[in-house]
Amino acid sequence: MINILFPNIYIRKVFDIDFYKVYKLGYRGLIFDIDSTLVPHGSDSTKEVDELFEKLHRIGFKTIFLSNNSACRIERFNKNINIAFIDEANKPNKNGYIKAIERLEVEKSEILLIGDQIFTDILGANLTKIDSVLVKYLLHENEVKIGKKRRVEKAILWIFFLTKWIFKKNSKIEKLKVNYNEKA
């Protein structure tokens, strides 16, 4: 049952994802977490992130932010991107994911969640039965301290690496070539 905590794939950072290939695999809607996924916790968006969303929309993706943060925090981050969002989502509760799916107006099988936390983002995606990508969490420059939850997540990620062939979910996103040889 530990596989309920496993992502479909793990990638070092959002910018390592080949979104053209993701689109070719049949995904049309992307649900993004913000903090520690796209930017370090509490940071504003960057030019690189803004350009990523412009690219995603040119490719044809529908996008939405799903966050446990307040509307104020998301609006500040979203000022240049200007996409729909769900605030105070109470992830991993399925309700926020279901709202995101409805707002994207695409089939659930065409949606991909991208987030940095196993116990919120990935668990919620698995409970909702949507595919997921786990990215390594981002820290602020010179930040090295991580909490207990991140240590547990690291252990779960190692189990994922060791057993990924046993618990293969056979999702479309697993066809994306991923190099797992880097340290988690």
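I counted aromatic pairs and got six. Rings of Phe, Tyr and Trp (its six-membered ring) pair if their centres lie within 6.5 Å; planes under 30 degrees apart are stacked, over 60 edge-to-face, the rest tilted. This is a predicted model, so I kept local features at pLDDT of at least 70 and side-chain atom pairs at 80 or more, while totals for chains, interfaces and linings use all residues. Numbering runs from 1 along each chain as its sequence is written, and side-chain values use heavy atoms, without hydrogens and water.

I looked up Phe-65 and Phe-77. Their pair is edge-to-face, 5.5 Å centre to centre, with 75° between the planes. Phe-65 is in strand S3 (residues 62-66) and Phe-77 in helix H3, twelve residues apart. Helices (H or I, at least four residues) and strands (E, at least two) are DSSP runs, numbered from the N terminus. Both Phe-65 and Phe-77 are buried (under 20% relative accessible area, with exposed over 50% and partly exposed in between; 1.4 Å probe, protein chains only).

Next, the nonpolar cores: sets of buried Ala, Val, Leu, Ile, Met, Phe, Trp, Tyr and Cys joined through side-chain atoms within 4.5 Å. The largest has 30 residues; Phe-19, Phe-65 and Val-133 are among those with the most contacts inside it. H2 (47-59) is one of the elements supplying at least two residues. H2 gives the most, five. Apart from this core I found another, of 25 residues, including Leu-66 and Val-106.
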